[in-house]
Amino acid sequence: MTTTACGPDHILCTRDLRRDFGGVQALCGVELHVVRGSITGLIGPNGSGKTTMFQVISGMDRGATGSVMFDREEILGRRPSTIYHRGLARTFQLSHVFPDLTVLENLVVAGSRKDRSVEERALGLLGRVHLQDYAPVLGKNLSYGQQKLVEFLRVLMSDPALILLDEPAAGVNPTLRQTLWDMVRHLNGLGTSFLIIEHNMEVVSDLCSDVYVLSEGSVIARGAFDAIREDEQVLEAYFGKTREPRAGRGAPS
Amino acid sequence: MPNRKYKDLWLGTALLMLAMTAPLYVNDYYQSFLLQVFMMIALGQAWNLISGMTGYVSFGHTAFFGVGAYAGALLLLAGFPWWLAVLKGGGIALLLAIPLGLLTLRLRGPYFAIAMLGLNEVGRIAATLWTDLTHGGDGISLAPDLLPSLRTNYFSMLTLATTATLIVAYVYRSRFGLELRAIREDEEAAEMVGVNTVANKVMAFVLSALIPGAVGAVYAMYTSYINPQSVFSPALNIQIIVIVLFGGSGTVWGPLIGAGVVMVLRELLWAQFPAAHLALLGVLLLAVVLYLPGGLLSFVRARPQGRADSQVRKTP
């Protein structure tokens, strides 16, 4: 693995990021760079440290050491709300919609206090995914897929420069899933950067220009999806053995 | 929903008019009774602001009531006019709440509840041991010539109940209130969408201490005698919680309905069943909490949200 220097074209750089939980190393000096305007994938087997990375980068977990530079500013140890207002937003693996707030309130609370047209903005976002009629419905009364979509729309309220998506399509039906990926592509076209944890390799291959593979808290491969899917270390991390000579498309799948 | 807003405004104004004119046609007994209802409304609304809105259940809000009561009584004895003693009682409780909020609101769930319970105990023990200032367990008696009239206390308590209700109504509809409710729903997610949870919780806590402080001062003047057990009373705190839960926690009307119904029920049951009235009241409260977890208000006014798919057309 070669080390990339953090430059102005990177919106996020982590350096020597370490986190341990009672002696268990969840992150072992992770170096990760997200190029401005890119969609970067973060993959790896269960327990490899992907969600811990998100927790640390977003400020939810402030027990890590190392460095997290966002837009050339150190954010490690900052409060999540401060990081959010600087332009880095994230979604959770499991839906975290506010259950007893309406869909509209769920979005408005994530908007700027100074924005006088925050409700119009929220309704506009709901309209883009045909959820505007759900504005007065309580979060808990939505289907799980709708909740995940509302959670995604919620982070858009702050117009973030970088969005961390933690398995955004898990538990979402195919139609809503397509809506979600279309929005990601659309926003990326407008300049928003993404770092995505996703288990569906077809989606990773389709969306991500750059992919990092984590295993046991370390980056074991990085590059274009086509390159990393042939990587022996990646195959071993996923399947626990070196791949046998084979025909056809490569794993992981 | 502008219609409901106007209905609430009209109903609130009518109730306020009724309360303001009540001393003209009710005797001292009923004035005293209504004063106690107003006291419970004010305390209930104050508790509602932190516990109903953010979900941080406080078992020690009577600490601020006790501090206000002692501050009011001592200031009155020191020659301050009654109204200044009331204002200062609220102010002292508010100032005390700033460091306490910063300390205790780092804790969550049952830890915060226990810390607040401990705070009330600290207040009670301090008032008992600091005999030079508080006369310890003997308490403080206020001479009748220092005290405002029953009618003055009545209007003071009514003013505090109204102020507390208006604060809660304003906060509920404000962006600040929305952020508090988001904290109640999911604090992690609230922080993650930019809500400064610490600042919001401390602000709500400090605001919620102001009213009990002032109410405590009026209470001292109304009863003319206070001691550590009467004002730093865990039983009073339980009553406040019960009243808010009975009416509807986290709502504007809940503490009003809860205080009105519980106090009237208590009075009626006491008159009919003097030996068993508290047990009967307990059974009624249990039934409401079990079968109407949203309080009586949820029975009167169900929120107009059912299943999403029964309300709106299906999305693709």
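At what angle do helix 3 (residues 62-77) of chain B and helix 4 (residues 82-104) of chain B pack, and how far apart are their axes? The angle is about 140° and the axes are 8 Å apart. Axes here are lines fitted to C-alpha atoms, for helices over the stretch in contact, and angles run from 0 to 180 degrees between N-to-C directions.

This is a predicted model, in which local features need pLDDT of at least 70, side-chain atom pairs count only at pLDDT 80 or more, and totals for chains, interfaces and linings use all residues. Residues are numbered from 1 along each chain as its sequence is written, and chains are lettered from A and ligands numbered from 1 in the order in which they are written.

**Stop 1: chain B overall**

Select chain B, which has 16 helices and two strands. Helices (H or I, at least four residues) and strands (E, at least two) are DSSP runs, numbered from the N terminus. The radius of gyration of chain B is 20 Å, close to the 20 Å that the globule rule gives for 316 residues, so chain B is as compact as a globular protein of that length. That radius is taken over C-alpha atoms, and the rule is 2.2 Å times the number of residues to the power 0.38. The C-alpha trace of chain B spans about 75 × 45 × 35 Å along its principal axes.

**Stop 2: helices 3 and 4 of chain B**

Go back to the opening pair. Helix 3 of chain B and helix 4 of chain B are oblique to each other; angles under 35 degrees count as roughly parallel, over 145 as roughly antiparallel, 65 to 115 as roughly perpendicular and the rest as oblique. Residues to pick in their contact include B:Phe64, B:Leu75 and B:Leu76 of helix 3 of chain B and B:Trp82, B:Ile92 and B:Leu96 of helix 4 of chain B. Two residues are in contact if their C-beta atoms, placed from the backbone, lie within 7 Å. The contact divides into 12 nonpolar, four polar and one charged. Ala, Val, Leu, Ile, Met, Phe, Trp, Tyr, Cys and Pro count as nonpolar, Asp, Glu, Lys and Arg as charged, and the others, Gly among them, as polar.

**Stop 3: helices 2 and 12 of chain B**

Next select helix 2 (residues 28-54) of chain B and helix 12 (residues 234-247) of chain B, which pack at about 75° with axes 9 Å apart. They are therefore roughly perpendicular. Among the residues in contact are B:Met40 and B:Trp47 of helix 2 of chain B and B:Ile240 and B:Val244 of helix 12 of chain B. This contact has seven nonpolar, four polar and no charged residues.

**Stop 4: between the chains**

The contact takes 24 residues from chain B and 29 residues from chain A. On the chain B side, helix 8 (175-185), helix 9 (187-192) and helix 16 (308-311) each supply at least two residues. Helix 8 of chain B gives the most, with six residues.

**Stop 5: strands of chain A**

Move to chain A, where four strands form an open antiparallel sheet in the order 2-1-4-5. Two strands pair if DSSP finds at least two bridges between them. Strand 1 (residues 10-21) of chain A is joined to strand 2 of chain A by nine bridges, and A:Arg18 stands opposite A:Cys28 in strand 2 of chain A.

Then select strand 9 (residues 210-215) of chain A, which runs parallel to strand 3 (residues 39-43) of chain A over four bridges. Strand 9 of chain A also pairs with strand 10 (residues 218-223) of chain A in the antiparallel sense, over five bridges. In that hairpin, A:Glu216 takes a positive phi near 50°.
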